[in-house]
Amino acid sequence: MLEHGGNMQQACMDYNRPLETWLDLSTGISPYIYPIPAMSPALWHRLPIENDALLDTARRYYQQEHVLAVAGSQAAIQALPHLRPHSRVWVLTPAYAEHAHAWRNHGHAVTERDRLPEINELQNVDVLVVCNPNNPTGRLCSPTQLHAWRQALAPGGWLIVDEAFMDATPENSISAQASEPGLIVLRSLGKFFGLAGARVGMVLAAPGLLDQLREWLGPWTLSGPARQIATVAMADTDWQDVQRRRLQQDINRLNTILQAANITTTGSTALFSYWQDPRAADLHTHLARHGIWTRLFARPSAIRLGLPTPAGWAMLQQALQAWTTMRQASAVDETDAQ
Ligand SMILES: Cc1ncc(COP(=O)(O)O)c(C=O)c1O
């Protein structure tokens, strides 16, 4: 099992602190959850109806005719490696670690690449996986860049673009082009809509590939209630507009608070900020002692913070203030000792 954000049981055990007292900033899930609609008990009683309004709503939301609903984009990440013969796979890293893990687990030859590929390097690559914007670094690749990479892959190659964090900036998405040959776009309702527990994701790709994936996954991949919530959420453009605005305000506020603590973030999306820092583990421990759980990365040494709940800002600000004071005191001690 790979390590993920949101591992609160671990935090509770390591710091002997009850769950309800934590501020969890270890994920990129929106602190504002899409309001769950009232649902008919029949949704729990009968098997999911697969020709409901979900896919048409998704087609409008993603501006793409060819869509397949999956139980979280994670389900597609795990299934896609089964649909290819042995392949040479490049994953741009650091990234959501499940991609490299899934391809490797299925016996493919995986290279984790920490530099952007040159066009002439891709002729011997069968599958290129790019998280866009990237989790955790926030790096954003342009549609032009992505299309150039796709065209440079070995014949029959796939470019998988994981747009799990794209909903706040749909203008950067390539979902409308996703049915072009060799392009596969993954989307998630877990982050922007704050519905990670509903387990809803979408795959956008050419119809032949979606058929293969549908066959592999089998029927009823989404529960009836999950289909209903996802349909309402994707159709609710008013809520989405409000959500985009408040997430942007919040991420600006987070970056301002971090700057005041002498922290310069190196990458952000609307849902998290990230920076590399040799002292990342010290800050992670400091914040945990103040009841704030963050996502620590070992290689490279880095930390990622999601957005606080409205009640959590003061807690974060106080903990960062204490961090600044501590750092200043240790800088004075070091000067005195010289
Ligand atoms: C980049 C990225 N892709 C995909 C996923 C999986 O999301 P889900 O299965 O909830 O749609 C995650 C989860 O953290 C992620 O960070």
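I looked up the open sheet and found four strands in the order 9-10-13-12, paired antiparallel. Its edge strands are strand 9 (267–268) and strand 12 (295–297), each pairing on one side only. For pairing, I need DSSP to find at least two bridges between two strands. Strands (E, at least two residues) and helices (H or I, at least four) are DSSP runs, numbered from the N terminus.

This is a predicted model, so I kept in mind that local features need pLDDT of at least 70 and side-chain atom pairs pLDDT 80 or more, while totals for chains, interfaces and linings use all residues. Residue numbers start from 1 along each chain as its sequence is written.

Then I went for strand 8 (residues 201–205). Is it buried or exposed? Five of its five residues are buried, so the rest of the structure largely encloses strand 8. Buried here is 20 or more other C-beta atoms within 10 Å of the residue's own, with C-beta atoms placed from the backbone (exposed is 12 or fewer, partly exposed in between). Gly-201, Val-203 and Ala-205 point one way from the strand, Met-202 and Leu-204 the other.

Last, I looked at the partners of strand 8. Strand 2 (residues 67–70) joins strand 8 through four bridges, antiparallel. Strand 7 (residues 183–188) also pairs antiparallel with strand 8, over five bridges. I noted Met-202 in both pairings: Ala-69 stands opposite Met-202, and Arg-187 stands opposite Met-202 too.
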